[in-house]
There are 2 protein chains.
Amino acid sequence: MATKRRSIGRRAQNKQEIRRRIVKAALSLFQSKGFDATTTKAIARKAGIAEGTVFNYFKTKEDIALHFFEQEVDQAMAAVRNNPRLRKAPLEEKLFALLNSQLEYLAPYERFIGAALIHALKPASPLGPFSHRAQELRHRYLGFVEELIEESIPKRKQSQLTFFAPEVFWIYYLGALLYWLHDSSEGKQNTTAFLDRSLTIGASVLRQARR
Amino acid sequence: MATKRRSIGRRAQNKQEIRRRIVKAALSLFQSKGFDATTTKAIARKAGIAEGTVFNYFKTKEDIALHFFEQEVDQAMAAVRNNPRLRKAPLEEKLFALLNSQLEYLAPYERFIGAALIHALKPASPLGPFSHRAQELRHRYLGFVEELIEESIPKRKQSQLTFFAPEVFWIYYLGALLYWLHDSSEGKQNTTAFLDRSLTIGASVLRQARR
DNA sequence: GACACGTCATGAGTATGCTCATATATTCCA
DNA sequence: TGGAATATATGAGCATACTCATGACGTGTC
């Protein structure tokens, strides 16, 4: 009986545990060796499982990285939503807070982001096998940005421009990441300045374009 | 003597010829099968050489694709320079012509661009081995864009904003490519409309920001 | 408790980008 | 012209992301 009770859900428990161990091992290796230099064999070894098992949980090595970015995006959206000071702030401040939150989260992993990010987050091409999950993440992110824009600029005041805005912002986000990755100024202050300046301009264009 | 004369420069001749054959074979395969599905073995076979030889000419498979983009960028810059009608046109028209020229060149190879482009052109990360050549291409391209901006907006009238402009344009270019790749409208007219609209705004921001 | 069923870990195997020691072709020089 | 020196082609071999047939193990039923 006791044995039976203990064994209930053992499989599910184990699955969760293994998944957790893979992610933990992978992130640690990505951070210390970079993405490319981390082999799936090493991930498996560090997680204490067979190499094949990794692929029972993640379709590809990049998929593990994608899981990381899902957490990153979720965390950033929550940070903006849960900050009451931002509730009535202008659009550019909200977006600035969003991006800042993302970059802070990414900072400790800078080393592997350059290699993995763009591959993992780019809009799906018919060639790539990772399209669905990445597309979904992108969709969720863009939906959030759209909400933020609508909060600041009521629908009836929007121009045709606002239709494009989330797409443009997605590209801008990629650009900001690239900028950040190559920013060697102290504390990445150049990036901060760049974000500040460009978001101000962007938001003002959106506002002025209303008709 | 005759033999000797014939053999002079034979090596150099052969080198050029083989290089040409590799590029030709690779492009044809990229176009028909896509980038990922094209193996280096197949490229070598189609070019009539051993697999190892490919790597005597190009450091990596992606490097072959990069060569293609070099041609693409060179061709587009020349197209803008050699068009007398553009000599005195406003900035946005020059940039529009530049991008249009690039997209036209890329059109027949759309299938493999999604897979290869971003990898090949992104700014170097310390991890990537392709940094130097890609960086150089990017540099040349940005220098050209800077020239175009200076032609339209004299140095003394520029704001701090114009300092960022080429970097921003580079990101914008990547974005435009992504947009184009996923544009299923007839004749890619959505992309054309997008370029037109966004460049107009961009140029006007640059002009207004002068101080 | 034992048996049947389904799920999941396993690791040898596969495909492929790339390397490297060797063979071959070309050039140079006497 | 012949032979040394150099450049280049070659393909077997390596590393590694990913697959798949197999067996071990958890789960539900009697």
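In this predicted model, Q31(B) touches P108(B), Y109(B), R111(B) and F112(B), leaving aside residues up to four places away in sequence. Q31(B) itself belongs to helix α2 of chain B. The C-alpha atoms of Q31(B) and E110(B) are separated by 7.7 Å, although these two residues stand 79 residues apart along the chain.

A second residue of chain B may be described in the same terms. E146(B) is located in helix α8, which covers residues 131-152 of chain B. With 15 other C-beta atoms within 10 Å, E146(B) is partly exposed. In sequence, E146(B) and A165(B) are 19 residues apart, and their C-alpha atoms are 7.9 Å apart in space.

**Helix packing in chain B**

Two packed helices are described by the angle between their axes and the distance between the axes. In chain B, helix α2 (residues 10-33) packs with helix α3 (residues 40-47) at an angle of about 125°, and their axes are 8 Å apart. Angles of 65 to 115 degrees count as roughly perpendicular and those over 145 as roughly antiparallel; α2(B) and α3(B) are therefore oblique to each other. Their crossing is right-handed. On the side of α2(B), the contact involves R21(B), I22(B), A25(B), A26(B) and L29(B), which meet A42(B), I43(B), K46(B) and A47(B) of α3(B). By class, the residues of this contact comprise 7 nonpolar, no polar and 2 charged. An α-helix has 3.6 residues a turn, so residues three or four places apart point the same way.

**Helix packing in chain A**

In chain A, α2(A) and helix α3 (residues 40-47) pack at an angle of about 125°, with 8 Å between their axes. This angle makes α2(A) oblique to α3(A). The crossing of α2(A) and α3(A) is right-handed. Which residues make the contact? From α2(A) come R21(A), I22(A), A25(A), A26(A) and L29(A), and from α3(A) come A42(A), I43(A), K46(A) and A47(A). The contact of α2(A) with α3(A) holds 7 nonpolar, no polar and 2 charged residues.

| Helix | Residues | Number of residues | Span, first C-alpha to last | Expected span at 1.5 Å a residue |
|---|---|---|---|---|
| α2(A) | 10-33 | 24 residues | 34 Å | 34 Å |

Within α2(A), the residues I22(A), A25(A), A26(A), L27(A), L29(A) and F30(A) are buried. Just after α2(A), G34(A) adopts a positive phi of about 90°. In α5(B), the buried residues are I64(B), A65(B), L66(B), H67(B), F68(B), F69(B), V73(B), A76(B), M77(B) and V80(B).

**Chain A as a whole**

Chain A contains 10 helices and 0 strands. Its pattern along the sequence reads α-α-α-α-α-α-α-α-α-α. Of the 211 residues of chain A, 30% count as buried. Among contacts in chain A between residues at least 6 apart in sequence, 65% join residues at least 24 apart.

Technical notes:
Residues numbered from 1 in each chain as written. Chains lettered and ligands numbered in written order. Predicted model: local features only at pLDDT ≥ 70, side-chain atom pairs only at ≥ 80, totals over all residues. Axes fitted to C-alpha atoms, helices over the stretch in contact; angles between N-to-C directions. Helix = DSSP H or I, 4+ residues; strand = E, 2+ residues; numbered from the N terminus. Parallel < 35°, antiparallel > 145°, perpendicular 65-115°, else oblique. Left-handed = near helix turned anticlockwise from the far one by under 90°. Contact = placed C-beta atoms within 7 Å. Nonpolar A, V, L, I, M, F, W, Y, C, P; charged D, E, K, R; others polar. Expected span 1.5 Å × (residues − 1). Buried ≥ 20, exposed ≤ 12 C-beta atoms within 10 Å, placed from the backbone.
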